[in-house]
Amino acid sequence: MRMKTIVVVGICLALLTFAALGKGANRERFEGEGLQITFLEEPSEYTISADAECWVRHGWGRSETYGQPGANSRFLHETGWVIVGGGYFKLFINGDEVKMNFRHYTDPLDTPGHYEMNCDWYVQFPAGYFVAGETYELTAEWGERNPRNSVQSIGVPYRVTRWLHISP
């Protein structure tokens, strides 16, 4: 009887795990309201009114992998692309870390069993979040938890700063 209970519990845990993994797959990218503040392109300074909304979305993308957990392709090691789960994105406003939401999504590739996985961290700032007349320093940081998979071409961690001026 005990063995039967263990098997049933094990099957239930496996089903819950697959259901949770499935919920994270193939989601649409977050698109916020108002002005998008980006860190990989110009401009380096933004001006918005105090009653305007704005948002940030950044992360890691184009991690080619296989349909099996833990599989690493030669492509990943040769190019240095980060394996999803190893990289992170953080946002700081005036030196204080902002709590970010997380989403990952997948896109199938031409080769069966291969897909491209992307990880995004995002936050929506509502109207009135920033104080009129103030200037804010927004710093983005991309980093790597596993040095074996670091992105050699940009160095890790990688930081970019933007300035947000709030008009009355």
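What share of the 168 residues in the chain is buried? Buried residues make up 36% of them, where buried means under 20% relative accessible area, exposed over 50% and partly exposed in between, with a 1.4 Å probe and protein chains only. A few notes follow.

1. **Ground rules.** This is a predicted model, in which local features need pLDDT of at least 70, side-chain atom pairs count only at pLDDT 80 or more, and totals for chains, interfaces and linings use all residues. Residues are numbered from 1 along each chain as its sequence is written, and side-chain values use heavy atoms, with hydrogens and water left out.

2. **Overall layout.** The chain holds 2 helices and 9 strands; these are DSSP runs numbered from the N terminus, with helices as H or I of at least four residues and strands as E of at least two. Along the sequence the pattern reads α-β-β-β-α-β-β-β-β-β-β. Among contacts (heavy atoms within 4.5 Å) with a separation of 6 or more, 68% join residues 24 or more positions apart. The accessible surface comes to about 10,400 Å², and 55% of that belongs to carbon and sulfur atoms; the areas come from the Shrake-Rupley method with a 1.4 Å probe, and for residues only the protein chains shown count as cover.

3. **The core.** The largest nonpolar core has 26 residues, of which F39, V56, L91, F125 and L164 touch the most other members. Such a core is a set of buried Ala, Val, Leu, Ile, Met, Phe, Trp, Tyr and Cys residues joined through side-chain atoms within 4.5 Å. The elements giving two or more residues to this core are β2 (45-49), β3 (54-66), β4, β7 (114-125), β8 (135-144) and β9 (158-167). As a general background, nonpolar side chains tend to be buried together in soluble globular proteins.

4. In β4 (residues 87-93), 6 of the 7 residues are buried. This strand pairs with β5 (residues 96-97) in the antiparallel sense over 2 bridges, where pairing requires that DSSP finds at least two bridges between the strands. The bridge partner of I93 in β5 is D96. Between the two strands of the hairpin there are 2 residues, and N94 takes a positive phi near 50 degrees. N94 is not a glycine, and at 43% relative accessible area N94 is partly exposed. Also in this region, K90 lies over the face of Y88, at 5.1 Å from the ring centre; a charge sits over a ring if NZ of Lys or CZ of Arg is within 6 Å of the ring centre and within 35 degrees of the ring normal.

5. The bond from E42 to P43 is cis, with omega near 10 degrees, and P43 lies in the loop between β1 (35-36) and β2. Both backbone features are worth a look, since most residues other than glycine have a negative phi and most peptide bonds are trans. T38 is in the loop between β1 and β2 too, buried at 13% relative accessible area.

6. **Aromatic pairs.** There are 9 in the structure; rings of Phe, Tyr and Trp (its six-membered ring) pair if their centres lie within 6.5 Å, with planes under 30 degrees apart counted as stacked, over 60 as edge-to-face and the rest as tilted. F30 and Y122 are stacked, because their centres are 4.1 Å apart and their planes at 20 degrees. This pair links F30, in the loop between α1 (2-24) and β1, to Y122 in strand β7, 92 residues apart. F30 is buried at 15%, and Y122 is buried at 12%. Y129 and F130 pair edge-to-face, at 4.8 Å centre to centre and 75 degrees between the planes. Here Y129 is partly exposed at 44%, whereas F130 is buried at 5%. F125, Y129, F130 and Y136 form one aromatic cluster.

7. **The β7-β8 loop.** G128 lies in this loop and counts as exposed, at 53% relative accessibility. G128 and A52 are 76 residues apart in sequence, with their C-alpha atoms 7.0 Å apart in space. Setting aside residues up to four places away, G128 touches A50, D51 and A52.
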